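Good morning, and thank you for coming. I would ask you to keep the structure on the screen in view while I speak.

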Amino acid sequence: MGDDGPGSTVHLLCLAASSGVPLFCRSSSGGAPSRQQLPFSVIGSLNGVHMFGQNLDVQLNSARTEDTTVVWKNFHDSITLIALSSEEGTSELKLERMLHMVFGAMVLIVGLEELTNIRNVERLKKELRETLSGFAEATGTAFVSLLVSGRVVAATDGWWRLGMPEAVLLPWLVGSLPPQAARDYPVYLPHGSPTVPHRLLTLTLLRGLELCLLCGPRPPLGELDPQLLERWWQPLLEPLRACLPLGPRALPDGFPLHSDILGLLLLHLELRRCLFTVEPSKDKEPSPEQRRRLLRNFYTLVATTHFPPEPGPAEKQEDTVHPAQTPRACYLVLGPGMGWQLVAVQLGLRLLLLMLSPQTPTHGLRSLATHTLQALTPLL
């Protein structure tokens, strides 16, 4: 980046290929380091158009505007490097060679394995789904999940298909019980089996990491012996141990959340899964407990007023005659003495709720929420 011409600017972006999370951004002007950074929205757009092409089996290598040349390069399906140069007459080949040198420098300092560990997160997710299915088959139940700090992070298809009350209540129940190495707990399923009890078996793999099984009379807890657990879970314990600190934050380290965001709730309406955290900017008011309460109240408001559930067939038929006006976003500013702001935006099957600090400009709420939703989309 040191040989760009006078007055020209070069930006270098490094992102995780699977999630689009920026790892670092560097800029230079006239050959010297510059504090001029690209806006988060531009970074997201540059990565988004590249990922969009990949999803359509189209490889986007370079592009030109009136005053800028852009080159994208993916390395080992783990790292995406993007270079932008405003130098007049600069070639795509020159920028591509620069990206190869940059990646070589990264390997030189930290090694290839460390860089491909980003991809290993996706591999870990896949291994968890295989391991969960195999363990479920070995124990004779279709309902198995893995809980980290009371949150379901992986589960069999059968567990994800549980009815709404039990899907929410079972993790809450496990989180409310005193820590134990193993449990055999009778439960009734409000939706699926309100009169005949099932058994909820839990096994602590690591502190804060529990394996849950929902089953009938079999298997006895005693049959889940150490050998069975070791066969299926021993190979994954160390990678899982490294992921445990992410439990409360729910987001990867270095994920570029705007500094005004105090909490968020992202819902995938079709998968019926969510991403929730009140951990950002913990040094600011209000407390995490207040943030959680305010976000829940705001969700109740928007879910019942502005973004109602999908209408039934009869309602849809009426809508063809009198189409309803569905909002795309809404916001709420809390009363005097607080000033915290809450905004909701829906794009397709995803609904995002944000809690923001008072200094966030009201006119920028929708734009900030939309960019944040686009950045979070690869995670859910």
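This is a predicted model: local features need pLDDT of at least 70, side-chain atom pairs count only at pLDDT 80 or more; totals for chains, interfaces and linings use all residues.

Which residue takes a positive phi in the hairpin of E1 and E2? It is glycine 20, with a phi near 80°, and the hairpin has five residues between the strands. Helices (H or I, at least four residues) and strands (E, at least two) are DSSP runs, numbered from the N terminus.

Residues are numbered from 1 along each chain as its sequence is written, and side-chain values use heavy atoms, with hydrogens and water left out.

In overview, the protein chain has 10 helices and 16 strands. Of its 380 residues, 41% count as buried; buried means under 20% relative accessible area, exposed over 50%, and partly exposed in between, with a 1.4 Å probe and protein chains only. Among contacts with a separation of 6 or more, 53% come from residues 24 or more positions apart, where contact means heavy atoms within 4.5 Å.

Let me return to the sheet around E1. Six strands form an open sheet in the order E3-E2-E1-E6-E5-E4, with antiparallel pairing; two strands pair if DSSP finds at least two bridges between them. At the edges are strand E3 (32-33) and strand E4 (62-64), each pairing on one side only.

Strand E1 covers residues 9-16, and eight of its eight residues are buried. Thr9, His11, Leu13 and Leu15 point one way, Val10, Leu12, Cys14 and Ala16 the other way, and all are buried. With strand E2 (residues 22-29), E1 pairs in the antiparallel sense over seven bridges. There, threonine 9 stands opposite serine 29, and leucine 12 has arginine 26 as its bridge partner. E1 also pairs with strand E6 (residues 79-85), again antiparallel and over seven bridges. In that pairing, alanine 16 stands opposite isoleucine 79.

I turn now to the aromatic residues. A pair of aromatic rings is described by the distance of the centres and the angle of the planes. Here, rings of Phe, Tyr and Trp (its six-membered ring) pair if their centres lie within 6.5 Å; planes under 30 degrees apart count as stacked, over 60 as edge-to-face and the rest as tilted.

How many such pairs does the structure hold? There are two aromatic pairs. In one, phenylalanine 75 and phenylalanine 103 have ring centres 4.4 Å apart and planes at 5°, so the pair is stacked. Because phenylalanine 75 lies in strand E5 (residues 69-75) and phenylalanine 103 in helix H2 (residues 92-110), the pair ties together parts that are 28 residues apart in sequence. Phenylalanine 75 is buried at 8% relative accessible area, and phenylalanine 103 is buried at 8% as well.

Phenylalanine 135 and tryptophan 233 form an edge-to-face pair, 6.2 Å centre to centre with 65° between the planes. This pair links helix H3 (residues 112-139), which holds phenylalanine 135, to helix H6 (residues 226-233), which holds tryptophan 233; the two residues are 98 residues apart. Phenylalanine 135 has a relative accessibility of 0% and counts as buried, and tryptophan 233 is buried at 1%.

My last element is helix H8. H8 (residues 288-305) has 18 residues and reaches 25 Å from its first C-alpha to its last, close to the 26 Å expected at 1.5 Å a residue; the expected span is 1.5 Å times one less than the number of residues.

Which residues of H8 are buried? They are Arg291, Leu294, Leu295, Phe298, Val302 and Ala303. Seen down the axis of H8, the buried residues fall within an arc of 160°, so they line one face of the helix; the arc is that of the directions from the helix axis to the C-beta atoms. On the other side, Glu289 and Thr304 are exposed. The cover over the buried residues of H8 includes strand E12 (261-268), strand E13 (273-277) and strand E14 (329-333).
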